[in-house]
Amino acid sequence: MKNFNEHNITAAVQARVANATSPRIREISDSLVRHLHTFLREVRPTEAEWAAGIDFLTRTGQMCSATRQEFILFSDTLGASMLVDAINHPGGDGATETTVLGPFYVQGAPEFPLGADISEGLAGDRLLIEGNVKNTAGEPIGGATIDIWHSDPDGYYDVQGPADAPLNMRGRLHADAAGNFWCRTIVPAPYPIPNDGPVGQMLEHQGRHPYRPAHVHFMIAADGYETLTTHVFLSHSPYLDSDVVFGVKDSLIHPLEKLPAGTSPGGHPINQPIDLMRYNFVLSKQRK
Ligand SMILES: [Fe+2]
């Protein structure tokens, strides 16, 4: 086949992927070609515009490192991450709603005993996080693994600091036999996603702000259950209605409770004023 033009090249490329090594690869390749060509016929890019698009993707890849994931930012800011999340976690079974993983998750975060200060003593308003983990039948999930991570009061994550800076404001806990967990840390702030790269330039050209409302990330896993990836958003935060990555859901917005020193929320004595985040999580049974 030859003599391709605007009208016959799509079918030719689709024919070329017809012998893909699996039906799924064929389905994905065929759809990718169809939608890409439709996009190009719709926007009719000049050659300079197409080159700029290639350059954007090139710089997005070059921006990536062990601690900077520009492609996740690209996916998040176009709503693709939340769309994939929605497709895979339609909800409706009583489990806690999900939201994006984001680019700041670190595998193998340090383990802490229940009640520990995962901020490692950083300055900031003190925060006590308490929660429990249950299944959709209301039964506690003892021993569930809870990964927690969040920003500092200036809106930065530990991994955005110097390469040799220690991890903090992140940790892994294990719920007790009744599914309860708690830890101490500091109150996070709203933050702009890293916007000194190509995704930041894209947002600027699109006339968008780069901010996310203040939140704490949770990833909760237990044998026999779907791993829950979500956030709890602080109800006093700005940007709840304009999160740059489209991650906010009403059920995940939660107030902090201001407690004076000398109280014992959840049986955990505190000796200084502290904000309490108390949120209970519900996991879905693992899908077959
Ligand atoms: Fe975050």
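Mentor: Helix α4 (residues 70-77) packs with helix α6 (residues 198-205) at an angle of about 25 degrees, and their axes are 9 Å apart. That makes α4 roughly parallel to α6; angles under 35 degrees count as roughly parallel, over 145 as roughly antiparallel, 65 to 115 as roughly perpendicular and the rest as oblique. The axes are lines fitted to C-alpha atoms, for helices over the stretch in contact, and angles run from 0 to 180 degrees between N-to-C directions. Helices here are DSSP runs of H or I with at least four residues, strands are runs of E with at least two, and both are numbered from the N terminus.

The model is predicted: local features need pLDDT of at least 70, side-chain atom pairs count only at pLDDT 80 or more, and totals for chains, interfaces and linings use all residues. Residues are numbered from 1 along each chain as its sequence is written, and side-chain values use heavy atoms, with hydrogens and water left out.

On the α4 side, E70, L73, F74 and T77 meet P198, V199, G200, M202 and L203 of α6 (contact means heavy atoms within 4.5 Å). By class, this contact of α4 with α6 has six nonpolar, two polar and one charged residues. Ala, Val, Leu, Ile, Met, Phe, Trp, Tyr, Cys and Pro count as nonpolar, Asp, Glu, Lys and Arg as charged, and the others, Gly among them, as polar.

Now the cores. A nonpolar core is a set of buried Ala, Val, Leu, Ile, Met, Phe, Trp, Tyr and Cys residues joined through side-chain atoms within 4.5 Å. Buried means under 20% relative accessible area, exposed over 50%, and partly exposed in between (1.4 Å probe, protein chains only). The largest core has 32 residues, of which I129, I146, I148, F181, F218, I220 and M277 touch the most other members. Elements giving two or more residues to this core are β1 (126-135), β2 (145-150), β4 (180-186), β7 (215-221), β8 (228-234) and β11 (274-283). Apart from this core lies another, of 17 residues, including F74 and L203.

Leaving aside neighbours within four places in sequence, M277 is in contact with L127, L128, I129, E130, V216, F218, V232, L234 and L256.

As for cysteines, the structure holds zero disulfides, a disulfide being a pair of cysteine sulfur atoms within 2.5 Å. C64 is partly exposed, with a relative accessible area of 27%, while C183 is buried at 0%.
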